[in-house]
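User: Hi! I have this one open in my viewer and would like to go through it with you. Could you help me look at some backbone and packing details?

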Amino acid sequence: MNLRQLETFVAVMKSGSISRAAQMLHLSQPAVSKSIAELEHALGFRLFVRTRGAALGVTPEAEAFSFEVERSFVGIEALKRAARDIRNMTSGNLRIAALPALGVSFLPSVIREFQNAHSGVLVQLQTRSSATVRQWIANQQFEIGLATRAREMPGIDMAPFMRCAGACVLPPGHRLAERDVITARDLDGEDFISLAAEDPTRRRVDRAFEAAGSEPRIVVETQYAMTICALVLQGVGVSILNPVTADDHVQHGLVVRPFEPRIEFEYMLFTPSLRPTSQVAQRFLEFMVAKRERMIEAGLVVALS
């Protein structure tokens with residue numbers, strides 16, 4: 001018994017004759033008759049009574065079997081719809097993990113654009129530290145991860161995704177706000193909000209100040225760029241941040257200026273290496289790349305060499 005035989009059976013039941021079923025299925029009458037005969041043989045009972053000169057008779061067994069077939073066909077149609085939705089990306093799930101710098105400032109607009117095109121896909125976004133993001137990807141729990149660079153880990157594919165030159169962020173009305181460029185020397189003695197000691201960029205910032213003979217006064221250490229922006233806006237101090245996060249706070253009065261010497265912020269794309277990339281994840285990555293390219297054109301990030 002196969003699906004084609006069942007489809008032929010349903011067509012005969014609905015049409016009431018072999019000839020009309022053949023027309024519905026675009027088959028010859030002998031082909032329909034053969035399919036019914038093979039199905040009857042597989043089932044072990046007759047489905048139709050064929051009498052010369054009389055209409056095709058439906059047996060009680062065929063009536064009972066038809067009910068079960070119709071129920072099964074509902075399930076098959078549901079499977080076909082599910083397959084179609086997956087193929088057309090009108091349904092599905094996508095799990096993304098990102099460090100806050102991009103989970104708050106970059107991904108929301110990407111998700112909005114993606115949802116406008118694929119509203120049936122459920123996007124699950126978790127914002128955690130880079131170490132946690134990398135571990136989740138290594139455990140194959142998420143399809144896309146954005147975090148800082150790290151040594152190679154089993155179960156992970158890693159590639160550069162975004163680079164940007166650090167910017168100096170100042171509160172409104174700060175004495176340095178009128179300058180076009182802020183140097184490390186300019187921040188000597190300034191109250192400074194620093195990235196946490198474990199952040200790799202923190203070490204580069206510290207070395208830049210040391211090389212310039214500049215000694216800002218660290219008043220707060222915190223690991224999240226959005227927290228630094230909030231503290232700067234409250235007048236707690238100044239800081240050096242990635243311009244992607246900083247740009248989101250300009251509308252609230254944050255002053256953002258280029259900083260010298262250049263301090264590069266780098267973010268990596270992590271994907272699980274032990275499972276294939278889904279169509280939905282691949283499509284979302286296309287939206288991420290498109291957003292990044294627009295940011296390159298706007299001067300917020302630099303092109304990957």
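User: Let's start with Gln140: buried or exposed?
Analyst: Gln140 is buried, with a relative accessible area of 18%. Buried means under 20% relative accessible area, partly exposed is in between, and exposed is over 50%, with a 1.4 Å probe and protein chains only. This is a predicted model: local features need pLDDT of at least 70, side-chain atom pairs count only at pLDDT 80 or more, and totals for chains, interfaces and linings use all residues. Residues are numbered from 1 along each chain as its sequence is written, and side-chain values use heavy atoms, with hydrogens and water left out.

User: Thanks. Where is Gln140, then?
Analyst: Gln140 is in the loop between α7 (130-138) and β5. Helices (H or I, at least four residues) and strands (E, at least two) are DSSP runs, numbered from the N terminus.

User: And what is its phi?
Analyst: Gln140 has a positive phi of about 65 degrees, although it is not a glycine. His26 also has a positive phi, of about 60 degrees, and is not a glycine.

User: Is His26 buried or exposed?
Analyst: His26 counts as exposed, at 73% relative accessibility. His26 lies in the loop between α2 and α3 (29-43).

User: OK, helices. How do α1 and α2 pack?
Analyst: Helix α1 (residues 3-15) packs against helix α2 (residues 18-25) at an angle of about 125 degrees, and their axes are 8 Å apart. Axes are lines fitted to C-alpha atoms, for helices over the stretch in contact, and angles run from 0 to 180 degrees between N-to-C directions. The two helices α1 and α2 are therefore oblique to each other. On that scale, angles under 35 degrees count as roughly parallel, over 145 as roughly antiparallel, 65 to 115 as roughly perpendicular and the rest as oblique.

User: Which residues of α1 and α2 meet?
Analyst: Arg4, Glu7, Thr8, Ala11, Val12 and Ser15 in α1 meet Ile18, Arg20, Ala21, Met24 and Leu25 in α2, where contact means heavy atoms within 4.5 Å. The residues of this contact of α1 with α2 divide into 6 nonpolar, 2 polar and 3 charged. Here Ala, Val, Leu, Ile, Met, Phe, Trp, Tyr, Cys and Pro count as nonpolar, Asp, Glu, Lys and Arg as charged, and the others, Gly among them, as polar.

User: What about α6 and α11, at what angle do they cross?
Analyst: The axes of α6 (residues 107-117) and α11 (residues 279-297) cross at roughly 125 degrees and come within 10 Å. That makes α6 oblique to α11. Their contact includes Phe114 of α6 and Phe287 of α11, and its residues divide into 9 nonpolar, 1 polar and 4 charged.

User: Switching to strands: how many residues of β13 are buried?
Analyst: In strand β13 (residues 264-272), 8 of the 9 residues are buried, so β13 is largely enclosed by the rest of the structure.

User: Which strands run beside it?
Analyst: Strand β6 (residues 156-165) pairs with β13 in the antiparallel sense over 9 bridges, and Met162 stands opposite Tyr267 in β13. Strand β5 (residues 144-147) is joined to β13 by 3 bridges, and these two run antiparallel. Gly145 has Phe270 in β13 as its bridge partner. Two strands pair if DSSP finds at least two bridges between them.

User: Last one: where is Pro261?
Analyst: Pro261 is found in the loop between β12 and β13. A cis peptide bond joins Glu260 and Pro261, with omega about 5 degrees.
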